[in-house]
Amino acid sequence: MAQVNVTINGRHYRMGCEDGQEDHVIQLAQDIDSRIEQLRGAHGEIGDQRLTVMAALTVADELTESARRIRRLEEEIAALQDARVVAAERAQQTQAAVVAALNAAAERIEEITRQINQSVQPGPGLAMG
C-alpha cells in the first residue's frame with residue numbers, strides 16, 4: 001500500500017492509498033483544502049473544525065446532487081432506449097407494408113400484362129414485333 005503526505009487546513013497528514021492512486025489522493029486533499037480556504041474567505045475565522053464540517057457538507061451536497069442527476073440521466077437513457085425499440089418496430093412494420101404494396105403492384109402489373117397479351121392475339125395475317 002502506498003502512502004502520501006497531504007496538507008489540509010494547514011495540517012499535515014500521512015494517508016494510505018492503493019498503489020497508483022497517490023496523485024488522486026493528493027488532488028482530493030487539495031480540493032478539500034481549497035474549499036476550506038474559500039469558506040474561510042466567505043465566513044472569516046469561525047473555527048477549524050467548523051470550516052472542515054462545512055467543507056464536508058458542501059462535498060456531500062454536491063455528491064447527492066450528482067447522484068440525482070445520474071438517476072435522471074439513467075431514466076432518460078432508458079426512455080430513449082424504449083423509444084428506439086418502438087421506432088425500430090415501426091420501421092419494420094413500414095418496411096413490411098411497403099414490400100407488400102410493391103408485391104401487390106407487381107402482381108397487378110403482371111395480371112394486366114397477361115390480359116393485354118391474351119386480348120391481343122395475332123391473327124393469321126398479323127405479326128407482332
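Contact here means heavy atoms within 4.5 Å.

## Basis

This is a predicted model: local features need pLDDT of at least 70, side-chain atom pairs count only at pLDDT 80 or more, and totals for chains, interfaces and linings use all residues. Residues are numbered from 1 along each chain as its sequence is written, and side-chain values use heavy atoms, with hydrogens and water left out.

## Overall layout

The chain holds two helices and two strands. Along the sequence they follow the pattern β-β-α-α. Both kinds of element are DSSP runs, numbered from the N terminus: helices are H or I with at least four residues, strands are E with at least two.

The radius of gyration of the chain is 38 Å, whereas a compact globule of 129 residues would have one near 14 Å. That radius is taken over C-alpha atoms, and the globule rule is 2.2 Å times the number of residues to the power 0.38. Along the principal axes, the C-alpha atoms fill a box of roughly 120 × 35 × 20 Å. Of the contacts with a separation of 6 or more, 23% join residues 24 or more positions apart.

## Burial and core

Buried residues make up 11% of the 129 in the chain. Buried means under 20% relative accessible area, exposed over 50%, partly exposed in between (1.4 Å probe, protein chains only).

The largest nonpolar core has eleven residues: Ala-2, Val-4, Val-6, Ile-8, Cys-17, Val-25, Ala-29, Ile-36, Leu-39, Leu-51 and Ala-55. Two or more of them come from each of β1 (2-8), α1 (22-43) and α2 (48-119). Such a core is a set of buried Ala, Val, Leu, Ile, Met, Phe, Trp, Tyr and Cys residues joined through side-chain atoms within 4.5 Å.

## Helix pair

The axes of α1 and α2 come within 9 Å and cross at roughly 115 degrees. Axes are lines fitted to C-alpha atoms, for helices over the stretch in contact; angles run from 0 to 180 degrees between N-to-C directions.

On the α1 side, Ile-32, Arg-35, Ile-36, Leu-39, Arg-40 and His-43 take part. They meet Asp-48, Leu-51, Thr-52, Met-54, Ala-55, Thr-58, Val-59 and Glu-62 in α2. Leaving aside neighbours within four places in sequence, Ala-55 touches Arg-35, Ile-36 and Leu-39.

## Asn-9

Asn-9 lies in the loop between β1 and β2 (11-17). Its phi is positive, about 55 degrees, although Asn-9 is not a glycine. Asn-9 counts as buried, at 13% relative accessibility.
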